[in-house]
Amino acid sequence: PVPLAKPTVKMDQKGVTVKDVDPHALVVAYAALLKKQGKIQVPKWAELVKTGTHKEFAPTDADWFYVRCAAIARRLYCRGGVGVGALRRVYGGPKNRGARPTRFTAGSGSIARKALQCLESIKVLEKCEDGGRRITRTGQRDLDRIAGQVAAKN
């Protein structure tokens, strides 16, 4: 038999994707990138609002909108076709109703919608034909690049 040529790349080497790294570290790193780029226009009302009717206070982190945008981008990377209603359920939680039992309430639709529109404006997301949004090639490339940096750091 003819000897095979040695491969120049090891077979165990592969690109790191979003699914290979810690989600929290990825979201924090991507939020920092979004803030550094300065392309996302944070709404004026972002410092005043609660993230849902089930919350008592507004977020204490000044950069919470960037973090929310990064988390939504990661979620759509993992599972596309998600719209505002699905994101409201993701970011919802139990509402304290005093002496009565708690009930689930959805998160803010305005925040979800604005975050999706911001990510669409910088070409990270695009609308699906079936409804909802999905990640674009440039968005996938950016997230994979950040995932590689997070994996190298850890």
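Reply: What follows takes the labels one at a time, with the value and the cut-off behind each. This is a predicted model, where local features need pLDDT of at least 70, side-chain atom pairs count only at pLDDT 80 or more, and totals for chains, interfaces and linings use all residues. Residues are numbered from 1 along each chain as its sequence is written, and side-chain values use heavy atoms, with hydrogens and water left out.

Me: Why is Thr105 called buried?
Reply: Buried means under 20% relative accessible area, exposed means over 50%, and partly exposed lies in between (1.4 Å probe, protein chains only). Thr105 has a relative accessible area of 17%, so it is buried.

Me: Where is Thr105, and what is it in contact with?
Reply: Thr105 is in strand β2, residues 103–105. Helices (H or I, at least four residues) and strands (E, at least two) are DSSP runs, numbered from the N terminus. Contact means heavy atoms within 4.5 Å. Leaving aside neighbours within four places in sequence, Thr105 is in contact with Thr53, His54, Gly92, Gly93 and Lys95.

Me: Why does Lys123 count as exposed?
Reply: Its relative accessibility is 56%, so Lys123 counts as exposed.

Me: What makes α2 and α5 roughly perpendicular?
Reply: Axes are lines fitted to C-alpha atoms, for helices over the stretch in contact, and angles run from 0 to 180 degrees between N-to-C directions. Under 35 degrees counts as roughly parallel, over 145 as roughly antiparallel, 65 to 115 as roughly perpendicular and the rest as oblique. Helix α2 (residues 64–78) and helix α5 (residues 137–153) pack at about 105 degrees, with axes 11 Å apart. The pair is therefore roughly perpendicular. Ala73, Arg74 and Tyr77 of α2 meet Gln140, Leu143 and Asp144 of α5.

Me: How is that contact of α2 with α5 split by class?
Reply: Ala, Val, Leu, Ile, Met, Phe, Trp, Tyr, Cys and Pro count as nonpolar, Asp, Glu, Lys and Arg as charged, and the others, Gly among them, as polar. The contact has three nonpolar, one polar and two charged residues.

Me: How do you know that α2 is also roughly perpendicular to α4?
Reply: The axes of α2 and helix α4 (residues 109–121) cross at roughly 75 degrees and come within 10 Å. That angle makes α2 roughly perpendicular to α4. Residues making the contact include Trp64, Phe65 and Arg68 of α2, and Ile111, Lys114 and Ala115 of α4. By class, this contact has 11 nonpolar, no polar and two charged residues.

Me: What makes α2 mostly covered?
Reply: Of its 15 residues, 11 are buried. Among them are Trp64, Phe65, Tyr66 and Arg68. The cover includes α1, α3, α4, β3, β4 and α5.

Me: What puts the buried residues of α1 on the same side?
Reply: The buried residues of α1 are Leu26, Val27, Tyr30, Ala31, Leu33 and Leu34. Their arc is only 160 degrees around the axis, so they are on the same side of α1. They pack against α2 and α5. The face turned away carries the exposed residues His24 and Lys36.

Me: Why is the span of α1 called close to the expected one?
Reply: The expected span of a helix is 1.5 Å times one less than its number of residues. α1 has 15 residues and reaches 21 Å from its first C-alpha to its last, close to the 21 Å expected. Just after α1, Gly38 takes a positive phi of about 75 degrees.

Key:
The arc is that of the directions from the helix axis to the C-beta atoms.
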